[in-house]
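Student: I would like to learn how to read the features of a model such as this one, feature by feature. Could we take the general idea behind each before turning to the case itself?

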Amino acid sequence: MWIDACENGSQARLIFTHQSPQRKLHEVHYARCVASLEDKIVQKAVVEILNAIYEERFLGFSYGFRPGRGQHDALDALAVGLTKQSVGWVLDADIAAFFDTVDHNWLIRFLEHRIGDRRMIRLIAKWLKAGVLEEGRITKVEAGTPQGAVISPLLANVYLHYVFDLWAQRWRRREARGKVMIIRYADDIVVGFQYVDDAKCFRTDMQARLAQFALALNAEKTRLIEFGKYAAKRRAGRGERRPETFNFLGFTHVCAERSDGGLLLCRYSQRDRMRATLRNIRDELRRRWHDPIAEQGQWLRRVVAGYFAYHAVPTNIHALHSFREHVAWLWMRRLRRRSQTSRMTWSRFNRLCNHWLPPARILHPYPQQRFAVKHPR
């Protein structure tokens with residue numbers, strides 16, 4: 001089993017302590033594209049070792065799929081950057097079909113830059129080349145990371161670390177005239193600029209950079225918008241509407257103004273994702289139509305509590321109330337259709353809602369407070 005990692009010069013060398021007779025069994029599984037339990041265990045061990053190697057080299061503005069970092073950490077960093085730094089323009093960038101277009105040759109070259117053990121490289125290459133099993137047929141895969149594999153997020157981070165992170169850090173230091181703020185979560189990237197000329201040059205250079213590594217920006221989802229502390233005043237002076245909004249990690253970011261004239265960043269639950277969640281709840285309630293009310297209530301409590309655990313951020317209270325009311329309406333509609341003789345009254349249903357559905361309230365602190373605690377300076 002892979003149990004140790006050490007540094008040797010500029011390369012990390014992984015040590016294979018003993019060769020298990022099950023190693024050949026793994027190779028058979030890869031040829032058949034079967035994700036066995038043994039495969040997952042080996043992948044998890046490899047991820048632990050690679051995390052120890054790459055975590056200290058990943059840059060600070062990378063937040064996706066890293067130990068000790070989550071989506072709210074990225075959201076907090078974005079909020080602090082937009083409100084504290086001189087940001088006037090935002091590039092909301094998305095890489096088209098990233099996980100399906102990762103070039104295997106480039107990825108292996110990136111891994112070889114830090115990993116000196118050829119057996120580890122061969123093992124990862126087999127995972128990449130395993131293919132897809134559909135209706136008894138194996139389809140070879142020439143690009144992309146294994147869907148649903150334990151190691152895929154880490155491989156994606158390694159790829160973007162060399163393709164985007166290091167390049168963006170160098171571009172910010174050498175090419176930018178003003179302030180540049182970068183936040184990346186997996187293939188979702190938000191870059192803030194002080195000057196619009198920097199934003200346009202960065203977008204052009206970024207397209208050229210990604211093209212060198214078989215990647216491209218999603219033209220429909222990538223936008224350059226005016227956003228920041230003075231965006232509303234500048235647009236009003238030109239006779240234009242209020243600043244555009246952008247979506248990041250399930251929240252719509254809106255540029256508003258505080259009473260003292262500063263920037264008030266409002267974050268609301270993304271409407272299309274909320275509607276999709278409500279549709280799933282409706283379909284599941286239909287499947288649980290004849291379950292006891294207590295079982296339905298317990299399930300809805302977990303669903304609503306889970307939604308609030310992520311979306312209950314400051315300035316989003318109205319969306320939380322709306323989500324809870326829609327869930328209650330769907331439940332009421334389903335309960336009333338269970339019987340033609342005894343109808344559910346509103347007084348009884350309100351008691352059920354108060355008992356089973358968690359109240360809508362803010363659970364997360366303001367981004368500046370949590371960011372200051374995690375990154376004291």
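**Reading the model**

Tutor: The structure holds zero disulfides, a disulfide being a pair of cysteine sulfur atoms within 2.5 Å. Cysteine 255 is in no disulfide, and the nearest cysteine sulfur, that of cysteine 266, lies 8.9 Å away. Please keep in mind that this is a predicted model, in which local features need pLDDT of at least 70 and side-chain atom pairs count only at pLDDT 80 or more, while totals for chains, interfaces and linings use all residues. Residues are numbered from 1 along each chain as its sequence is written, and side-chain values use heavy atoms, with hydrogens and water left out.

Student: Is cysteine 255 buried or exposed, and is cysteine 266 buried or exposed?

Tutor: A residue is called buried under 20% relative accessible area, exposed over 50%, and partly exposed in between, with a 1.4 Å probe and protein chains only. Cysteine 255 counts as buried at 11% relative accessibility, and cysteine 266 is buried with a relative accessible area of 7%. Of the 377 residues of the chain, 48% count as buried.

Student: How many helices and strands are there in the chain, and how are strands 10 and 11 joined?

Tutor: Helices (H or I, at least four residues) and strands (E, at least two) are DSSP runs, numbered from the N terminus, and the chain has 14 helices and 11 strands. Two strands pair if DSSP finds at least two bridges between them. Strand 10 (residues 251-257) and strand 11 run antiparallel and are joined by seven bridges, with threonine 252 having tyrosine 268 as its bridge partner in strand 11. Strand 11 (residues 263-269) is mostly covered, since five of its seven residues are buried.

Student: Which residues lie on the two faces of strand 6?

Tutor: In a regular strand the side chains alternate between the two faces of the sheet. In strand 6, Val180, Ile182 and Arg184 lie on one side and Met181, Ile183 and Tyr185 on the other, and all are buried, so that both faces are covered. Strand 6 runs antiparallel to strand 7, with six bridges between them, and tyrosine 185 has aspartate 188 as its bridge partner in strand 7. The two strands form a hairpin with two residues between them, where alanine 186 in the turn has a positive phi of about 60°.

Student: Which residues touch the most other members of the largest nonpolar core?

Tutor: A nonpolar core is a set of buried Ala, Val, Leu, Ile, Met, Phe, Trp, Tyr and Cys residues joined through side-chain atoms within 4.5 Å. The largest one has 53 residues, of which Leu111 and Phe202 touch the most other members. Helix 7 provides the largest share of this core, 12 residues. Contact means heavy atoms within 4.5 Å, and phenylalanine 202 touches Leu91, Phe164, Trp167, Ala168, Trp171, Val191 and Phe193, residues up to four places away in sequence not being counted.

Student: Where is alanine 77 found, and which residues does alanine 77 contact?

Tutor: Alanine 77 is found in helix 3 (residues 71-84) and is buried, with a relative accessible area of 7%. Leaving aside neighbours within four places in sequence, alanine 77 is in contact with Tyr63, Ile183 and Phe371. The C-alpha atoms of alanine 77 and alanine 372 are separated by 9.9 Å, although these residues are 295 apart along the chain.

Student: Where is the place of glutamine 270?

Tutor: Glutamine 270 sits in the loop between strand 11 and helix 10 (271-287), and is buried with a relative accessible area of 9%. Glutamine 270 touches Asn247, Gly250, Phe251 and Thr252, not counting residues up to four places away in sequence.
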